[in-house]
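Hello,

Here is the structure I promised to pass on to you. Please open it first, and then read my notes below.

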Amino acid sequence: VKPLSSYISEMGQKFRSLSQYLVSNFGFQALTTGVRSGVESIKELDSAMTELKKTSDGTKQEYRDFTTQARTDAKDIGSTTTQITSSAADWSRLGYSLKDSQTMAKNTGILKNVSEFADINEATDAMVGIMQAYNYKPDDSMKLIDQLNQIGNNFSISTSDLAKGLQISGSALEVGGNNIEQSMALITAYNSSIQDVSQAARAARTVSMRSPS
């Protein structure tokens, strides 16, 4: 009995030692991965802020306020501070003020969340095209997003496809005398038959250009 008892006791000690080793090793790896991930996130955010500063003329305090608000906005819409900052830099590049760029970055993030866009960059490109075509102001951008989302939820076209369609043909449709609601209706109607938003947008553009003014 004594040898068996001693053997079991020794095996128990070995098992505890092995468990401690595995836990310690796993913990160290997790810590290392976390540190590396944190460093990469900091680099990405720093790069995004550098781009924003290149395209805007804010003060040090305004950039600090921007970062604070970007963190809040990112948390509110389920995004990241880096994504908000990168989107703001894209808007700032077009001549928007730092304040308006921040508004547009948040609203573009919302569009990305309620649509089928793969990332915020695609949503930003679509919003830029639409807003320039129809001369939307930053304060009106949420109204535009609501319209896109409402049609995407109720008709045979997704929110992102409708936005892409307007990005493709919005300028031509606007020049042809169509407001944003009419343009959305045209693209949605064509897409219901074609089921290809690129072709639908081009068809709507072609018909609009050929129609008498």
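**Helix 8 and helix 9**

Helix 8 and helix 9 are oblique to each other, a class that takes the angles left over once those under 35 degrees are called roughly parallel, those over 145 roughly antiparallel and those from 65 to 115 roughly perpendicular. Please keep in mind that this is a predicted model, where local features need pLDDT of at least 70, side-chain atom pairs count only at pLDDT 80 or more, and totals for chains, interfaces and linings use all residues. Residues are numbered from 1 along each chain as its sequence is written, and side-chain values use heavy atoms, with hydrogens and water left out.

The angle between helix 8 and helix 9 (residues 197-210) is about 130 degrees, and their axes are 8 Å apart. Axes here are lines fitted to C-alpha atoms, for helices over the stretch in contact, and angles run from 0 to 180 degrees between N-to-C directions. The two helices cross in a right-handed sense; a crossing is right-handed if the near helix is turned clockwise from the far one by less than a right angle, and left-handed if anticlockwise. Helix 8 brings Leu186, Ile187, Tyr190, Asn191 and Ile194 to the contact, and helix 9 brings Val197, Gln199, Ala200, Ala201, Ala203, Ala204 and Val207, where contact means heavy atoms within 4.5 Å. By class, 10 of these residues are nonpolar, 2 are polar and none is charged (Ala, Val, Leu, Ile, Met, Phe, Trp, Tyr, Cys and Pro count as nonpolar, Asp, Glu, Lys and Arg as charged, and the others, Gly among them, as polar).

Ala189 also sits in helix 8 (residues 180-194). With a relative accessible area of 46%, Ala189 is partly exposed; buried means under 20%, exposed over 50%, and partly exposed in between (1.4 Å probe, protein chains only). From Ala189 to Ala200 there are 11 residues in sequence and 8.3 Å in space, C-alpha to C-alpha.

Between these helices comes Gln195, in the loop that joins helix 8 and helix 9. Gln195 has a positive phi of about 60 degrees although it is not a glycine, and it is exposed at 51% relative accessibility. Most residues other than glycine have a negative phi. Asn135 is another non-glycine residue with a positive phi, of about 55 degrees. Asn135 belongs to the loop between helix 5 and helix 6 (141-154) and is exposed, with a relative accessible area of 57%.

**The protein as a whole**

There are 9 helices and 0 strands, helices being DSSP runs of H or I with at least four residues and strands runs of E with at least two, numbered from the N terminus. The protein has 213 residues, of which 36% count as buried. Among contacts with a separation of 6 or more, 59% are between residues 24 or more positions apart.

**Helix 3 and its partners**

Helix 2 (residues 60-77) packs against helix 3 (residues 81-93) at about 115 degrees, with 8 Å between the axes, and the crossing is right-handed. On the helix 2 side we find Phe66, Thr67, Ala70, Arg71, Ala74 and Ile77, which meet Thr81, Ile84, Thr85 and Ala88 in helix 3. This contact has 6 nonpolar, 3 polar and 1 charged residues.

How are helix 3 and helix 5 placed relative to each other? They are roughly parallel, with an angle of about 30 degrees and axes 10 Å apart. Their crossing is right-handed as well. Gln83, Ser87, Asp90 and Trp91 of helix 3 make the contact with Ile120, Asn121, Thr124, Met127, Val128 and Met131 of helix 5. These residues divide into 5 nonpolar, 4 polar and 1 charged.

Thr82 is also in helix 3. It is buried, at a relative accessible area of 17%, and touches Ser41, Glu44, Leu45 and Ala48, leaving aside residues up to four places away in sequence.

**Ser115**

Ser115 lies in the loop between helix 4 (98-114) and helix 5 (120-134). Is Ser115 buried or exposed? Its relative accessible area is 13%, so Ser115 is buried. The Ser115 side chain reaches the backbone oxygen of Leu111 at 2.7 Å, and a polar atom of that side chain lies 3.4 Å from the backbone oxygen of Lys112. Leaving aside residues up to four places away in sequence, Ser115 touches Thr159 and Ser160.

Best wishes

Key. Polar contact = N/O pair within 3.5 Å; in protein donor to acceptor, adjacent residues only side chain to side chain.
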